[in-house]
Amino acid sequence: METNYKEFYLNFLKMKKLLTTCLLFIFACTTLIGQEVMSTGGKPMPDSWIDSATGHLVKRLTNRVGDNMSFYFHNNPFVGNEMIFYGTDQYPVNQQRAEVKQETYNINSKNKQLYKIDLSSKRIQQLTTQALPMNGEIIGRKRQEIFYQIRDSIFSTHIETKKTTLIYVFPPDFKGSITCLNADEKLLGGTWSDDSEKELFKKYPNKSSYFDIIYEAHLPRTLFTIDIQTGQLNKIFTDSAWLNHVQFSPTDPKLMMFCHEGPWHKVDRIWTIDVEKRVPVKMHTRTMDMEIAGHEWFSKDGNMIWYDLQQPRSKSFFIAGVSLKTGERIKYSLLRNEWSIHFNSNKDQSAFCGDGGDPGQVARASDGQWIYLFKPDGDKMKSEKLVEMKKHNYKLEPNVHFSPDNKWVIFRANFEGSTQVYAVSIAKS
């Protein structure tokens, strides 16, 4: 019988491919079988586990001693496949009982420094060795630099070489605070407030106290930019309002977004301004009593501004957006338990995530303590629970981010007793 060597060889290749696929599948299953299925928090957790309430794989990213905090939700923490975060030497005292809102600028631990982690290998490197407290969550991806502020001075540290450079020192009569970097990475932006406002923050450290007090004070605030190359300070806009939440567009180097801070039902919060034309433009006008809109952020392509919308407050919940090109508005409804302190969107806006909230938040949700994934479905959001957060103290807001490959949602939490950064797989295990 004549042997058909060509057919034999093709069959051999098919069998080889099938065998390889089977081995990869077995390896993947073995890896997942090795993950313990368990409830999240209330005790020290392993490096990774499957949340028993959701079926999603969760892993701790920051395996180092001390507290570790990822960036605020609208501040980009990623450079390629690396993530920048703050870390400290020791845990704060009684963090679970803390009454003051926990953020990177007021975390109560020693030796707060900037670190980077490779999201694939989980290798962590320390980037800064500053002796004084530092604030700032500003990354220049093109420049490969991190910008931050120590007292009246602005510094940058190169992410690879770790070289640190003094960028600017504020004059005695204008001690501002930087918060953002524009799209071509030439301008830093931020706000200035007078000393009387700073004293009010010191006197009333709890948000429940200072929020109304600062709003009612109507003290002057100024938006400004600093040219990184020349050191030129430009005062863009001043108002007797609490100007806050300053962000630059990720694509338009002239466009800055800011808010009128205060009780959200009393303010038309969301504004933009061209830093050259210097004319503020309101992006959302309230249409009913007690309507609120806020925690706004730019889409990754810079075409949309998204925000939390409630019409009215604590009753009807939406993720809403407005197109910067056409002015077209869109809103997706949410259930009460799905409302989140912060939302975020992935690169193509096909998915959103949220960090949930405890019963003391504005939604008064009875079962809202989850990390959520949302997908638009008509005029509503279809939700999926990713991580149970019932053992998390929401004085620390989780502040969700999509990973650069859009396969994980990254957040911070204190459900083990210390503050750490975690990632949950969007795909179910």
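## Close-up views of a predicted model

**View 1. His218 sits in a loop that links a helix to a strand.** In this predicted model, the loop with His218 runs between helix 3 (207-217) and strand 15. Look at the backbone here: phi of His218 is near 50 degrees, a positive value in a residue other than glycine. Is His218 buried, partly exposed or exposed? Its relative accessibility is 43%, so His218 counts as partly exposed.

View 2. Follow the strands in the order 13-14-15-16, and you will find antiparallel pairing. Strand 13 (177-181) and strand 16 (233-239) are at the edges; each has a single partner strand, so one side of each has no neighbour in the sheet. On average, neighbouring strands of this sheet are turned by 25 degrees against each other, direction ignored.

**View 3. Strands 14 and 15 pair within that sheet.** Seven bridges join strand 14 (residues 187-193) to strand 15 (residues 221-227) in the antiparallel sense.

**View 4. A cis peptide bond joins Gln311 and Pro312.** Omega is about -5 degrees for this bond. Most peptide bonds are trans. Pro312 belongs to the loop between strand 22 (304-310) and strand 23 (317-323).

**View 5. Arg364 also has a positive phi, near 55 degrees.** You can find Arg364 in the loop between strand 26 (352-354) and strand 27 (370-377). With a relative accessible area of 54%, Arg364 is exposed, because the cut-off for that word is over 50%.

Notes:
Residues are numbered from 1 along each chain as its sequence is written. This is a predicted model: local features need pLDDT of at least 70, side-chain atom pairs count only at pLDDT 80 or more; totals for chains, interfaces and linings use all residues. Side-chain values use heavy atoms; hydrogens and water are left out. Two strands pair if DSSP finds at least two bridges between them. Helices (H or I, at least four residues) and strands (E, at least two) are DSSP runs, numbered from the N terminus. Axes are lines fitted to C-alpha atoms, for helices over the stretch in contact, and angles run from 0 to 180 degrees between N-to-C directions. Buried means under 20% relative accessible area, exposed over 50%, partly exposed in between (1.4 Å probe, protein chains only).
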